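Let's learn to read a protein model together, one feature at a time.

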Amino acid sequence: MSEGQNATADRKLVRVLDGESVFPPPIWLMRQAGRYLPEYRATRAEAGSFLDLCYNPELATEVTLQPIRRFGFDAAILFSDILVIPDALGRKVRFSEGHGPQLDPITTDEEIDRLRVDGAVERLAPVIETVGRIRAALPEEVTLLGFCGAPWTVATYMIAGEGTPDQAPARLFAYRNEAAFAKLMEKLVASSVDYLVAQLEAGADAVQVFDTWAGVLDEVSFRKWVIEPTRAIVDGVRAKVPGARIIGFPRGSGLLYTDFVAETGVNAVGMDWTVPREFARDRLQPNVAVQGNIDPLLMIEGGAALDASVDDLVEKLGRGRLIANLGHGITPQGRIENVERFIRRVRDARL
Ligand code: CP3
């Protein structure tokens with residue numbers, strides 16, 4: 001990390017990742033820069049395509065800062081996408097309106113052999129430039145998070161060529177052709193390590209590894225394709241940036257959350273909204289900081305249901321290391337007034 005202890009001492013989320021219980025807990029939201037914000041929609045329209053926005057340091061910095069200005073979150077998250085890695089590896093990514101991401105699906109071993117890890121991070125230079133610009137523009141006390149997709153989740157999109165409900169194409173590919181799939185995972189681990197190291201060196205305080213599709217795997221596959229690659233990323237990043245702070249988000253991992261925490265070496269774990277909070281308090285929080293886990297639909301509904309969920313979160317997890325967040329990203333239908341209500345409720349809470 002390029003900055004000394006003093007610069008990060010005021011950053012609440014950094015303190016939690018470094019081992020302190022902070023109350024009220026720091027707050028940010030997954031997908032906090034996004035279509036639920038009118039100012040995001042305006043900048044997005046100006047940029048052209050979604051990927052043009054990701055690769056435009058000036059506009060990507062602007063949309064990263066928008067939710068910080070509006071809500072005063074404790075952390076900003078780099079505006080980019082997990083699919084810039086496949087793009088940099090030579091699999092062209094397109095985002096068409098209303099259809100989500102599209103790539104040419106990987107069907108053969110040769111296509112995996114041809115992925116170009118060398119130079120991938122250099123091809124992502126605009127994203128790394130964005131990290132430095134965000135840090136320079138952010139208030140001193142706001143934590144800056146970088147991120148990447150976890151190899152498993154990124155691979156699911158590379159193999160299917162699009163989002164699917166259960167990632168059957170990648171699961172079938174990994175059963176049928178395990179050696180080729182392992183090679184794909186190795187290339188994703190190597191490029192993710194380089195990419196995260198570059199983000200940390202450019203000024204990110206910590207990084208999050210998004211494994212949105214961890215929850216579709218059986219136990220044996222979960223160990224192979226979620227725990228092992230995440231551990232390899234954690235080790236690889238810390239070999240180059242000693243003490244690097246890393247948040248894992250293995251969405252939907254159920255009972256396997258405990259092994260994920262014990263075996264990957266992450267500093268914090270993002271919990272989806274189905275993770276029971278007493279289980280989190282007893283089995284996860286003694287070992288790591290926990291992040292989450294309000295149902296994102298409560299950003300649509302708000303009201304008493306939101307208040308009750310926030311109170312329950314604080315009551316069960318507020319005494320230990322907690323980062324208040326949702327259990328997954330806020331949706332385009334999320335309402336600004338409910339985000340404000342969430343933040344106020346957390347900051348006014350008493351133990
Ligand atoms: O959290 C943030 O505010 C930072 C930016 C961020 C985006 N995507 C911006 C985005 C982050 C961290 C991501 C991660 C991401 N991208 C994940 C993992 C987390 C998750 O939400 O599950 C995944 C699986 C992707 C892949 C992806 N990108 C999909 C499936 C889609 C389409 C679905 C959708 O919401 O439209 C995207 C597009 C995307 N990434 C948008 C944003 C703001 C919306 C596109 C737009 O603005 O037109």
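Predicted model: local features only at pLDDT ≥ 70, side-chain atom pairs only at ≥ 80, totals over all residues.

Q: Where is the place of Gln66, and what does Gln66 touch?

A: Gln66 lies in helix H5, residues 57-71. Helices (H or I, at least four residues) and strands (E, at least two) are DSSP runs, numbered from the N terminus. Not counting residues up to four places away in sequence, Gln66 touches Glu39, Tyr40 and Thr43; contact means heavy atoms within 4.5 Å. Gln66 and Leu196 are 130 residues apart in sequence, and their C-alpha atoms are 23 Å apart in space.

Q: Is Thr143 buried or exposed?

A: Thr143 is buried, and its relative accessible area is 0%. Thr143 belongs to strand E4, residues 143-149. Leaving aside neighbours within four places in sequence, its contacts include Arg11, Lys12, Leu13, Asp74, Arg135 and Asp205.

Q: Which residues have the most contacts inside the largest nonpolar core?

A: In soluble globular proteins, nonpolar side chains tend to be buried together. In this model, the largest nonpolar core has 128 residues, and Phe181, Tyr195 and Phe342 have the most contacts inside it. Such a core is a set of buried Ala, Val, Leu, Ile, Met, Phe, Trp, Tyr and Cys residues joined through side-chain atoms within 4.5 Å. Helix H12, residues 178-201, gives the largest share of this core, twelve residues. Leaving aside neighbours within four places in sequence, Tyr195 is in contact with Leu78, Ile85, Val127, Ile128 and Phe147, among others.

Q: At what angle do H9 and H12 pack?

A: Two packed helices are described by the angle between their axes and the distance between the axes. Axes are lines fitted to C-alpha atoms, for helices over the stretch in contact, and angles run from 0 to 180 degrees between N-to-C directions. Helix H9, residues 125-137, packs with H12 at about 30°, with their axes 8 Å apart. H9 and H12 are therefore roughly parallel to each other (angles under 35 degrees count as roughly parallel, over 145 as roughly antiparallel, 65 to 115 as roughly perpendicular and the rest as oblique). Val127, Ile128 and Val131 in H9 meet Tyr195, Ala198 and Gln199 in H12.

Q: What about H12 and H13: how far apart are their axes?

A: The axes of H12 and H13 are 9 Å apart, and the two helices pack at an angle of about 35°. Among the residues that meet are Phe181, Met185 and Leu196 in H12 and Trp225, Ile233 and Val237 in H13.

Q: And where does H14 come in?

A: The axes of helix H13 (residues 219-240) and helix H14 (residues 257-264) come within 9 Å and cross at roughly 30°. H13 and H14 are therefore roughly parallel to each other. Their contact is made by residues including Phe222, Arg223 and Val226 of H13 and Asp259 and Phe260 of H14.

Note on methods
Residues numbered from 1 in each chain as written. Heavy atoms only, no water. Buried < 20%, exposed > 50% of the residue type's maximum accessible area, 1.4 Å probe, protein only.
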